[in-house]
2 protein chains.
Amino acid sequence: MNNFTFHIPTQVHFGVGQIAALPEALKAHGATRVLLAYGGGSIKKYGVYDEVVRELNNAGLPFAELTGIQPNPRVESVREGITMIRDQNLDFILAVGGGSVIDCCKAIAAGAPYLDGDVMDLLTGKAMAQTTVPLGTVLTLAATGSELNNGAVITAGEDHKKLVLFHPGLFPRFSILDPAYTATLPPKQTAAGAADILCHLMEQYFNPAPGTQVQDRMNEGLMRVVLDNAETALAEPDNLEARANLLWASSMALAGLQLMLGKPMAGFPIHFLGHELSSLNDMTHGVSLALLTPAWMRLVMRENPENIAPLAAFARNVMDVTESDDMTAAQQGIKRLEDWYKRINMPANLREAGVPEDKLRYLADKVMEGRQPFGPLTPIDANRAEVIFREAF
Amino acid sequence: MNNFTFHIPTQVHFGVGQIAALPEALKAHGATRVLLAYGGGSIKKYGVYDEVVRELNNAGLPFAELTGIQPNPRVESVREGITMIRDQNLDFILAVGGGSVIDCCKAIAAGAPYLDGDVMDLLTGKAMAQTTVPLGTVLTLAATGSELNNGAVITAGEDHKKLVLFHPGLFPRFSILDPAYTATLPPKQTAAGAADILCHLMEQYFNPAPGTQVQDRMNEGLMRVVLDNAETALAEPDNLEARANLLWASSMALAGLQLMLGKPMAGFPIHFLGHELSSLNDMTHGVSLALLTPAWMRLVMRENPENIAPLAAFARNVMDVTESDDMTAAQQGIKRLEDWYKRINMPANLREAGVPEDKLRYLADKVMEGRQPFGPLTPIDANRAEVIFREAF
């Protein structure tokens, strides 16, 4: 286990009706004029917007609204929010939505006080934010873990490049997690969210390091929770226990638990390959991960059979495979994972998901732009990225 | 899953050599004059004391020393620390040791600013601390989780009553967790610490609530880690990976993870019964838990067989029992747990541990002082407490 620092300053209010905690939470963090940021109309359709506005009024806090933040949020939305904060002297950001809205708000939080240039300086690492505007979140989609961590992914440029921002000041001051808010999600988004949570857990699990048993055993437990509860939530959309377990597992996967702590940093290829698919045709992130993961696993088995142990452990400890031969166990685990993806109605392949075959090499090259071969278990270069895309096609 | 609030403000510096983070951590939290508190001589014997003093000197911070804090820390030590803080205008408490030292320091932290009476007012609930002195910890024993939570247990009076104190201001500001500091522990303390961690996990696990799968699956993973690594640490005391896993599991068990969140509060009888054994003859807390747990489990099976499910789940998901009948599975699980206690050299029974038989009823009555029948799965009253003590005798 490597050395690490563990720190999660975010205060989580978890459960049905926790929106009532909003006024006190805003006041505790010094909010006087709020940027209320959200995406499309779903929070209005399902009443979350009304509840948030009611609590802002209860708190007696004036607010301005930034709307229309898109999935795979773009730097243009970030700039819009920055301008609002500066022009209207807003001092707190309230993100209401899923990971896209929260990530956009984090970039706004870092960019608004940065007066030496455009926010792209921060997103490209040319400059580092000195201060940040405090932000809080009201989560409506269990997927990214952004509600409990200090990272953000922003899309920029005509080539839809994904840029990553981390800053200690970007932990939400508080996050309100109400499983009932996630119960109105369409089945497709529920399934894609579950696939995303599972992939976050897998990319930590498949980045093995000596002696990280605490991390790996907790991770296995969380993967089981996601596998079980995604199917329940799809079969019974109003099952709040299933929604609560998916929601809390997603926060634990990327944030509260910080399962990656004590392991080496290792860019996980499936996420980067998936980002390129999302950039190409706005494919939902979780869908791209579901399509690519089994292909990546098979690549590991073919190219680096000496690294089969974590795949075999996944098969046995998460997918209940009892086979004693590692290679056979891993194969059975992959098969069971694919069956699960089918049961939650993921598309069967990239073709079905609308990706043109003649773009696969282009996507593979894009993954490797500015990057050396990377990733745990089997290093990914452009050729291997293409192999994964083709196998998933 | 019940509603809950999750908040762990403590910053953890985990790993070998993290003592180097001490000067910056102290300064970040405004320390100018430090109370350095510890127990017996073991931190001097093994060099931890020298490292701490070196870093205090590196930070240029003057300090006063409170020494001789005993296991099952007494209110007299608390009062001594309070007097030192007041007389010498100290503004930060650095606890170096295990749970006893940290708990004592938490009571000092609450009591020093309390000028309206004696610290017993706070320990008995007669008054509530308004402010607290900030504290940090350097942990030398993986067991209680006190390094990452805001609770303390203090012993007071001629009858060695255990008093419990909780306060939001008692989270350590930082905790330094170096697995190498735990590698010098005598085998007996290593084993007792592991038994304590396991019992903390079990008392959360055996307090079942609908829909708490995230909590229960992570808990099962952590129990496995403790079972595996305790034996490794006993066989190879210098195995830092095993020490690291025990250490991080203990923090996750009671603190970072807050596995109890989302479950109803339920006083767990084994801990209270164990406290009385410790009060009687200073029996190490973990030893008392190991002796009482199987007897409590068998009581559940006899008195409330309708509550067998969590015991059967424990047997299957943690102890690798494959039996399909719940009652038989639970019995096998208890047997495997007892075998594990034997393998880590716990005493076989209370008699062997030096408890006089004629004290058993007295202990049972003490457990129930001021208490209604309590505890999950099977309610404990004085008669049932006596049954547990007798079965463990």
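**View 1. Salt bridges in the predicted model, with one pair shown in detail.** Over all chains of this predicted model, the count comes to 38 salt bridges. The pair shown here joins distant parts of the chain: A:Lys161 lies in strand β7 of chain A, whereas A:Glu369 lies in the loop between α15 (360-367) and α16 (382-392) of chain A.

View 2. Chain A is divided into domain 1, covering residues 11-181, and domain 2, covering residues 185-392. The centres of these two domains, taken over C-alpha atoms, are separated by 27 Å. Where they meet, 24 residues of domain 1 are in contact with 25 residues of domain 2. The area buried between domain 1 and domain 2 of chain A is about 2000 Å², and carbon and sulfur atoms give 62% of this area. On the side of domain 1, A:Ala142, A:Ala143 and A:Pro179 supply 22% of the area buried against domain 2, more than any other three residues.

**View 3. Polar links and composition at the domain interface of chain A.** Across the interface of domain 1 and domain 2 of chain A, the rule finds 1 salt bridge. The rule for polar contacts finds 3 residue pairs across this interface. Three elements of chain A give two or more residues to the side of domain 1 that touches domain 2: β1 (4-14), β7 (161-166) and α7 (179-182). Sorted by class, this side of domain 1 has 13 nonpolar, 6 polar and 5 charged residues.

**View 4. The relation between chain A and chain B.** Chain A is superposed on chain B by a rotation of 180° with 0.0 Å of shift along the axis, and the RMSD is 0.0 Å. This is therefore the relation of a two-fold axis. Both copies use the same surface, since 100% of the contact residues of chain A recur in chain B. The contact takes 38 residues from chain A and 38 residues from chain B.

**View 5. The surface buried between chain A and chain B.** About 3200 Å² is buried between chain A and chain B, of which carbon and sulfur atoms give 60%. The residues of chain A that lose the most area to chain B are A:Phe6, A:Val214 and A:Trp248. Together, these residues account for 19% of what the side of chain A buries.

**View 6. Polar contacts and contributing elements between the chains.** Across the interface of chain A and chain B, the rule finds 0 salt bridges. Polar contacts, by comparison, number 20 residue pairs between chain A and chain B. On the side of chain A that touches chain B, β1, α9 (213-235) and α10 (240-256) each supply at least two residues. The residues of this side of chain A divide into 18 nonpolar, 16 polar and 4 charged.

Conventions
Residues are numbered from 1 along each chain as its sequence is written. Chains are lettered from A and ligands numbered from 1 in the order in which they are written. This is a predicted model: local features need pLDDT of at least 70, side-chain atom pairs count only at pLDDT 80 or more; totals for chains, interfaces and linings use all residues. Side-chain values use heavy atoms; hydrogens and water are left out. Domain bounds come from an automatic or database domain assignment. Contact means heavy atoms within 4.5 Å. Buried area is the accessible area (1.4 Å probe) that two parts lose on being put together, summed over both. A salt bridge is a side-chain nitrogen of Lys or Arg within 4 Å of a carboxyl oxygen of Asp or Glu. A polar contact is a pair of N or O atoms within 3.5 Å; within protein, one must be able to donate a hydrogen and the other to accept it, and residues adjacent in sequence count only if both atoms are side-chain atoms. Helices (H or I, at least four residues) and strands (E, at least two) are DSSP runs, numbered from the N terminus. Ala, Val, Leu, Ile, Met, Phe, Trp, Tyr, Cys and Pro count as nonpolar, Asp, Glu, Lys and Arg as charged, and the others, Gly among them, as polar. Copies are superposed by least squares on the C-alpha atoms of residues with pLDDT of at least 70 in both.
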